[in-house]
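Here is a short report on a two-chain model. It goes from the chains to the contact between them, then to the core and to local packing.

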Amino acid sequence: MSTEINKETKPAGGLVKKDFLSQTEPRWCLGCGCYSVFNRLTGMFPTMGVPREKFAIISGIGCSSRLPYYASTYGFHTIHGRAPTVAMGLKMARPELSVWVISGDGDLLSIGGNHFIHLIRRNPDIKVILFNNQIYGLTKGQASPTTRAGTKTKTTPGGAFDSPMKPLAMAIAAGATFAARVTDTDGEMLTEVMSAAAAHKGVAFIEVMMNCVIFNDGAFTAITDKTSRLETTVRLQHGKPLLFGANQDKGIRLKNFSPEVVKVGEGGANASELAVHDIASPDSSLAYLLSQMDQPRDGQPVPLGIFRQVSAPIYTEVAGMQSPADDAAVARILRGSASWVEGEDGGIRSSE
Amino acid sequence: MPQVQELDLVVVRFAGDSGDGMQLVGDQFTTTCSMMGDDVATLPDYPSEIRAPAGTVFGVSGFQVCFGNSGVHTPGDRVDVLVAMNPAALKTNLQYMKPNGLIIANEDAFVARNLEKAGYASNPLEGADLANYRVCRVKIAQITQKALEGSGLSPKQIDRCKNFTALGLTYALFNRSKEYTQKWIQKKFGAKPEIHQANVKAFEAGLNVGQEGDLFPCTYQIRKGKRAPKPGNYRQVTGNSATALGLLAASRRAELPLFLGSYPITPATDILHELSKHRGIVTILQAEDEIAAIGATLGAAFGGALAVTTTSGPGFSLKSEFMNLAVMVELPMIIVDVQRAGPSTGLPTKTEQSDLLQALYGRHGESPIAVVAASSPRDCFDASIEAARIALKYMTPVVLLSDGYLGNGAEVWRVPALTELPDLRVRQRTNPEGFLPYERDPQTLARPWAVPGTPGLEHRIGGLEKAERTGQVSHDPVNHEKMVKLRAEKIARIAQDIPATQVYGNPKAELLVLGWGSTQGVIRQAVESLNAQGVPVACAHLRHLNPMPADLGALLKKYPKVLIPELNMGQLWYRIRAEYLLDVERLNKVQGQPFRADEIESKIKSMLGVKS
């Protein structure tokens, strides 16, 4: 049941995760990464200090976009690719709301690619979570804009052959003031990143690399597998050098502005030679460079965490309504600048 | 001083290159006429290129204005006075002239190069081509140059002032007051003294040449006395401005913030321009595309605003999927379609009424939407308010059809006091007790408007079919049919709430002309003219296209003959035949131009067997 009535409204402080679950049981496939994000999101909401009625979850079309039905907040399951547009209008009309866009790789990057770019560049105070499983799930297994080259799908039986989109790189290029990447299997990082996104003033974009157990199983195993992930991922931490590996003995150094994996410590590079992560840098070049590293390749790890978090004017504060209209103001506008009065006597005089 | 002759009604057309400022002088002339107490109607007629190559026929921009003491229903069938700034302007506009009409030609421009560009083998001012007209040759460019000698402006800058010289000539010809234009020039160019002075001098030079010389053997003025307007504030307004103002007034009367989501498109953009002047009390998103514009509009509607999106044909097509979502989630929203000649890019700056069937039926699934149409530039104001009223009362998207002719055309408008307008306040739901998102008002079948931010009303909506009352997602087959019927019934019930059809003309008429939208003025003119000739006819005009007035079927059946003139191939005609099984006739024109009254008159005469 998706529209049960919430009989009581608790003060924001007293809310718990259960208050954010609707009576509709989620209907994702067993083992789907959507569960993980949904659990962490609804678990994080009560910590924000925002009353439940101030939340709105806006989604497009696809497996992930069913999420609003499973939460007990206001929700709008819109049409394919267009969730950012509806979120934009809602946020402009109701700036006090906490608006969350839930979308998938087909939804946000293919049919909705234009809206994605423009949502990011305008910097409204809207949070966007991309469930990137690199496949069309709800239509049963076609190549999506993020499907890796070579992946066999129903529309690419010989293997996908076009160049996949890098959503995080696109977001950063479009001027994202908050950009992060996490995997569906690391719940703690999910919570941490979503909390930071919620606290960020402006647009926040989170790419969740997510497993589709049915149509693209194992696409992210290399970076989520417990035995290998310390070697294949690097955890981004503000102000810290880019160190990784089970023994923290590998690092990323920039050579001619290309990332280079080096051994750190005895017989290797000095930690001071490594690139230092700076989420607040006004220059997005390093964040962009790191965003290009989206799969383990030639010993290079996949960076995870917050890539960028900077402050910029917020669209919904700049462009929103500044003051409510009153009768006198509207009457003045209706008369315009060149009006005249026709009197009872039939005489005409300028009303200026 | 030449003698002054009094007239009741005059049609003037200004024509020149698209960079010659013809729209500007037309606008000046019209506003001056309105402020002198005349009734006016205008027809801007411009190309879709911004500055097409000078002197070519496809670069000609025209502006037609009809002014008179009463009975100005249209910008006029035929032109009394044509101001032709170059040979191309003469070539393209001669077809609109009345026999023996006056042509004021800028003879400086009738040189070999321009004549060739316009396709004239020889100078038409000199041969017998214009024998059926009165031709007044004026060296407009030279007069301007002489007036601006020593002004320090470049020859190019001086040339650009010649439209004011031409305007001055027409003010002299029609004894117009120069006050408004002088003030306007001051306001517009006050910051640039040399340009300000130049335009004033050019304007004065034109006036002087027209008044003092023997250029015009006779000048004209409008006979006073017939018009008795209602006291109040008046202004001139275009249809697009009136739409913008109507939406603003509606938001005030509904006590709701106004949200506009829009993307630039001809000929609808002026609504966006007008409302953009009032950012601060209007929330506006100039979206990345047409779809985003309506998406944000629906989001704002969910958020409790009076939400509007404005567009024209191609954009209207792009919005159809979101219109369907609005039908499904039953939120109030206005979609303004300023129609233009299609299909596809068609004639972007020319008018047509060919989106009616798309407005009614152009969506997948069973998707009923209320449709209203404006019938004159000033009526765009009232039509916008009616669209808002229906949207808010019935919780439904409403299509408001305007068109290029209405949007760009101007009329005198009596500015109503806000208190004269309907009270549009609606109650947004706040009480959580017994709240069901799809519980309906028993009278209107509207569902409650439960705005995010309201405690206790948290609910989910979306494009999936809804269960009756609860609004839960439902795939139940019987429920689907029930909901399809409920959505249709809700729109049908709007008919309880719209006024009866009004009939004008001769009560004994056996022929009724039924129209909708921008043809109202020209139909009225044709009907008045025929009745004056002793041919009894009547007419009725539809504001509501879906649902149509409840009395319409019975009314049409009273007339042995019904004619439906439309600027399309017969879209209302098709609907009326389908709805009422009536063998009505049609008259169609798809030339990007409005009807002339005589076209409608001859069709009526032929239907009645009256000789022309």
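## Two chains and their contact

Buried residues make up 48% of the 352 residues in chain A. A residue counts as buried if 20 or more other C-beta atoms, placed from the backbone, lie within 10 Å of its own, as exposed if 12 or fewer do, and as partly exposed in between. The model is predicted, with local features requiring pLDDT of at least 70 and side-chain atom pairs pLDDT 80 or more, while totals for chains, interfaces and linings use all residues. Residues are numbered from 1 along each chain as its sequence is written, with chains lettered from A and ligands numbered from 1 in the order in which they are written.

The table sets out the two chains.

| Chain | Helices and strands | C-alpha extent along principal axes | Buried residues |
|---|---|---|---|
| Chain A | twelve helices, 13 strands | roughly 100 × 50 × 50 Å | 48% of 352 residues |

Helices (H or I, at least four residues) and strands (E, at least two) are DSSP runs, numbered from the N terminus.

Two residues are in contact if their C-beta atoms, placed from the backbone, lie within 7 Å. In chain A, 64% of the contacts between residues at least 6 apart in sequence join residues at least 24 apart. In chain B, residues 24 or more positions apart account for 75% of the contacts with a separation of 6 or more.

Where the chains meet, chain B gives 61 residues and chain A gives 60 residues. On the side of chain B that touches chain A, α11(B) gives the most, with nine residues. A strand pairing also links the chains: β12 (residues 339-342) of chain A and β9(B) pair antiparallel over four bridges. Strands pair if DSSP finds at least two bridges between them. A:Trp340 has B:Tyr234 in β9(B) as its bridge partner.

## Core and local packing

The largest nonpolar core has 262 residues, and A:Ile206 and B:Leu298 have the most contacts inside it. Such a core is a set of buried Ala, Val, Leu, Ile, Met, Phe, Trp, Tyr and Cys residues joined through C-beta atoms within 7 Å. Helix α15 (residues 379-394) of chain B gives the most to this core, with ten residues. Among the residues that A:Ile206 touches are A:Ile129, A:Leu130 and A:Val182.

In chain A, helices α3 (residues 83-93) and α5 (residues 113-122) pack at an angle of about 35 degrees, with their axes 8 Å apart. Axes are lines fitted to C-alpha atoms, for helices over the stretch in contact, and angles run from 0 to 180 degrees between N-to-C directions. A:Pro84, A:Thr85 and A:Met88 in α3(A) meet A:His115, A:Phe116 and A:Leu119 in α5(A).

Strand β3 (residues 39-45) of chain B has seven of its seven residues buried, so it is largely enclosed by the rest of the structure. B:Asp39, B:Ala41, B:Leu43 and B:Asp45 point one way, and B:Val40, B:Thr42 and B:Pro44 the other way. Seven bridges join β3(B) to the antiparallel strand β4 (residues 60-68) of chain B. There, B:Pro44 stands opposite B:Phe63 in β4(B).

Methods: Lists of a residue's contacts leave out its neighbours within four places in sequence.
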